[in-house]
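Here is a short tour to read with the coordinates open. Please keep the viewer at hand as you go.

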Amino acid sequence: MQPVQPVQPVRPEAPVRPAPAAPAAPAVSGAPAVRKGAAPRKPAPGGEAPWDEPRRRTPGGASRDEIGWVKAHGGAGASSLAETLGGVDVGARWPEPARGEPRRVMLVGRTSARGLRAVSRALGALQDGKAPQGIDLLGVVLIADAPGRLPLNLLRRIRVVRSVTHVHRVPWIPAWRTGGQPKYLPRQLAALADLVGTGTDGERTVS
């Protein structure tokens, strides 16, 4: 009869510890809080302004009595007009006269198909009452998007805009493309300056 081997005691298994939870991402300073269940707001096509929801921002140095250049889309030329003729580049939104912003405004867009669509959207928002009270729209400034004559389909779109408000055409100015200023103001810009009250004496040399 073989001797009985002693039974080795069974060691209890170590308890399984849960993996530590990953630390929560730090909140970004200034980031807007996301409401649970809220659908994200889609940006306007091509980075254009949502004309039915004017931004609440006051341009620096704006005066209610100055002319406000409102750009219908990015690259419209509002900054170039403000630098050349004076006034305030309000941005891609309607200003708020109640907050001291310009009440007399000119809507600015390019003569491209995209530019004319953006101008139509902005005018539609204004006609639908989706703009602050007290705005006096003097007209639309359409700046040539390229040298030469416009195609017939773009001219037809301009006629539609002209049926709603005054339209002021500005020719192609090469200096604006490179961020400079024209040596001489074309007569269209001189007439526009007289209209908005910045004052020029016909074609003049830009200092």
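## Basis of the report

This is a predicted model, in which local features need pLDDT of at least 70 and side-chain atom pairs count only at pLDDT 80 or more, while totals for chains, interfaces and linings use all residues. Residues are numbered from 1 along each chain as its sequence is written, and side-chain values use heavy atoms, leaving out hydrogens and water.

## A buried arginine

Let us start with Arg104, which lies in strand S3 (residues 104-110); strands (E, at least two residues) and helices (H or I, at least four) are DSSP runs numbered from the N terminus. Arg104 is buried but has no salt bridge. Buried means under 20% relative accessible area, with a 1.4 Å probe and protein chains only. A salt bridge needs a side-chain nitrogen of Lys or Arg within 4 Å of a carboxyl oxygen of Asp or Glu. The nearest side chain of opposite charge to Arg104 is Asp136, 5.2 Å away (Lys and Arg count as positive, Asp and Glu as negative; His and the chain ends are not counted).

A polar atom of the Arg104 side chain does lie 3.1 Å from the backbone oxygen of Val196. Beyond four places in sequence, Arg104 touches residues including Asp65, Glu66, Asp136, Leu138 and Val196, where contact means heavy atoms within 4.5 Å.

## Buried residues in strand and helices

Val108 also belongs to strand S3, and counts as buried because its relative accessibility is 0%. Leaving aside neighbours within four places, its contacts include Trp69, Ala76, Leu81, Val141 and Ile143. Val108 and Leu81 are 27 residues apart along the chain, with their C-alpha atoms separated by 9.0 Å.

Val119 sits in helix H2 (residues 113-127), and its 0% relative accessibility is why Val119 counts as buried. Among the residues it touches beyond four places in sequence are Ala72, Leu107, Val140 and Val161. Ser80, in helix H1 (residues 78-85), is buried with a relative accessible area of 16%; outside four places in sequence, Ser80 touches Trp176 and Gln181.

## The largest pocket

The largest pocket has a volume of about 250 Å³ and is lined by 14 residues, with Ala144, Gly148, Arg149, Leu150 and Arg169 nearest its centre. Strand S4 (136-143) and strand S5 (167-170) are the elements that give two or more residues to this lining.

On a 1 Å grid over the protein atoms alone, a pocket is an open set of points where a 1.4 Å probe fits, with protein on both sides within 12 Å along at least five of seven lines; lining residues have an atom within 4 Å of a point. Points are joined across faces, edges and corners, and the volume is the space filled by probe spheres set on them.

Definitions and conventions:
Buried means under 20% relative accessible area, exposed over 50%, partly exposed in between (1.4 Å probe, protein chains only). A polar contact is a pair of N or O atoms within 3.5 Å; within protein, one must be able to donate a hydrogen and the other to accept it, and residues adjacent in sequence count only if both atoms are side-chain atoms.
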